[in-house]
Amino acid sequence: MSSEDKKAKFRPRTVRREIIGAGEAAGRRYLDGQLLIAMPVMGDPRFERSVIYLCAHSAEGAMGIIVNRPAGSIDFPGLLVQLEIIKEADQIKLPENAESLKVLKGGPVETGRGFVLHSSDFFIQDATLRIDEEICLTATVDILKAIAKGAGPKHAILALGYAGWAAGQLESEIQDNGWLHCDADPDLIFGNDVEEKYGRALRKIGIDVGMLSNEAGHA
């Protein structure tokens, strides 16, 4: 990947209200704040074995962040340098939580945008979406600066892109056995064991990976 390609991988800006505002207005009547767990019948390689945290869900559609898919060789200190938030020589001075912050592929939509999913101990007025009592979403460069200074949230992951559904699409996929869903687990969302999150999410609802069937069925 060229240096120009890497730079294009994160263009933070305020979270678009037309995507997530509906979720705020709808409150918790829908699945916002829940985890989606991909079933084998999903059939879409972009979401195979994915665990998605739903940031917003309403009659108008849904938006979420995949929390178990690493972004390859991209790391957080390197992004800070590319965004000129810090100098290359200052990477060794970053606080521990900044050095270890995970960069993930958040989904196939707008992969050039960055989203920080984080604990609710950090909030920027008019920029942070509070999803529930424990988890927020912020998509401005200010949160990256705060993390670099050690003044950011206690827990966070950085996602490039997001997963999005049109009105009724997610409901249809759930009906077709494409997804299971369960209550969110901050320890799972922010955990460092990215490769283990799929199995952990299934065990959270009492399912072993080997029990899953590729055949759709409804009770």
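Trainee: Which residue's side chain meets that of Asp90 in a salt bridge?

Mentor: This is a predicted model, in which local features need pLDDT of at least 70 and side-chain atom pairs count only at pLDDT 80 or more, while totals for chains, interfaces and linings use all residues. Residues are numbered from 1 along each chain as its sequence is written, and side-chain values use heavy atoms, with hydrogens and water left out. A salt bridge requires a side-chain nitrogen of Lys or Arg within 4 Å of a carboxyl oxygen of Asp or Glu. At 3.5 Å, N to O, the partner of Asp90 is Lys93.

Trainee: Is Lys93 buried or exposed?

Mentor: Buried stands for under 20% relative accessible area and exposed for over 50%, with partly exposed in between (1.4 Å probe, protein chains only). Asp90, at 25%, is partly exposed. Lys93, with a relative accessible area of 64%, is exposed.

Trainee: What is the relative accessibility of Arg113?

Mentor: The side chain of Arg113 meets that of Glu110 in a salt bridge at 3.7 Å, N to O. Glu110 is partly exposed, with a relative accessible area of 28%. Arg113, by contrast, counts as buried, its relative accessibility being 1%.

Trainee: How many salt bridges does a search of the whole structure find?

Mentor: Besides the pairs already discussed, Arg46 forms a salt bridge with Asp44, with the closest N and O atoms 2.8 Å apart. Arg46 itself counts as partly exposed, at 46% relative accessibility. Across the whole structure, the number of salt bridges found is four.
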